[in-house]
Amino acid sequence: MENMFILFLMIASVCAVSWPRGRYSLPTSKSGCPLGWAEGCRYQDNEDIHNVNDVSYNHHFYGIFGRNTKLCYCTKTSYSGSESWPSGNYCIARYGRSCPSGFRTGSIYWDDEDHDNANTKNGILPDGTYNRNTRIYYCCRSDGPSYRSIVLPTSRPFYLYHYTSTLCQRVRGMSAREEFVKTDDEDTHNNSADGGNHPKKTETTRIHYCYYS
């Protein structure tokens, strides 16, 4: 009976964890956003000719993934929260022109399709530029080992961005799965680029994510 009571207290303490203080964005999973967070989506018009867009099999992103890409975001717009983000190896998306304490910023720039560009946006999005091309700013940290579990809310699945570690950052009480989104950018005079501290990126614009459930 005593062991069951201790287990109950441990589960209750994890479930009672709130999101860290500060303003920031996370990619939206199919389970939706945390209560009270703002929502928004970015539709990117990707390369028209010989398009090679790709996304993880059985992924958990909320959006559209075909010849073009629609990714959605959950944004915490208030500074509320009692704790800082824990040390580790991961990224979040920046919102409010600065990163929470402990993070360094950077960005990824997508050179979207030039011909009859149909980029659109709606709602609240991470810091960035959303016109005929797309730039998104991030906050990343590598001040702790990814194998050391950090504590975050576990009431519903969520995404963090994969950073420099081989494996996804562990989160207490959650299982982690790496997923990716690959966008085929403009073929002619492509200007896609990155700078500073940003999520793991391969094949020019194949971005790696960590899904927690």
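**Exercise 1.** Is Cys91 buried or exposed, and what is its relative accessible area?

*Solution.* The model is predicted, so local features need pLDDT of at least 70 and side-chain atom pairs count only at pLDDT 80 or more, while totals for chains, interfaces and linings use all residues. Residues are numbered from 1 along each chain as its sequence is written, and side-chain values use heavy atoms, with hydrogens and water left out.

Step 1. Buried means under 20% relative accessible area, exposed means over 50%, and partly exposed lies in between, for a 1.4 Å probe and protein chains only.

Step 2. Cys91 has a relative accessible area of 0%, and therefore counts as buried.

**Exercise 2.** Identify the disulfide partner of Cys91 and describe the bond.

*Solution.* Step 1. A disulfide is a pair of cysteine sulfur atoms within 2.5 Å. Cys91 is joined to Cys140, with an S to S distance of 2.1 Å.

Step 1. Elements are DSSP runs numbered from the N terminus: helices (H or I, at least four residues) and strands (E, at least two). Because Cys91 lies in strand β6 (residues 89-94) and Cys140 in strand β10 (residues 134-142), the pair ties together parts that are 49 residues apart in sequence.

Step 2. The torsion about the S-S bond of Cys91 and Cys140 is about 110 degrees, so this disulfide is right-handed.

Step 3. Cys140 has 2% relative accessibility and therefore counts as buried.

**Exercise 3.** Describe the disulfide formed by Cys99 and Cys139.

*Solution.* Step 1. The sulfur atoms of Cys99 and Cys139 are 2.1 Å apart. Cys99 is in the loop between β6 and β7 (104-110) and Cys139 in strand β10, so that distant parts of the chain, 40 residues apart, are linked.

Step 1. With a torsion of about -90 degrees about its S-S bond, the disulfide of Cys99 and Cys139 is left-handed.

Step 2. Cys99, at 21% relative accessibility, counts as partly exposed, whereas Cys139, at 1%, counts as buried.
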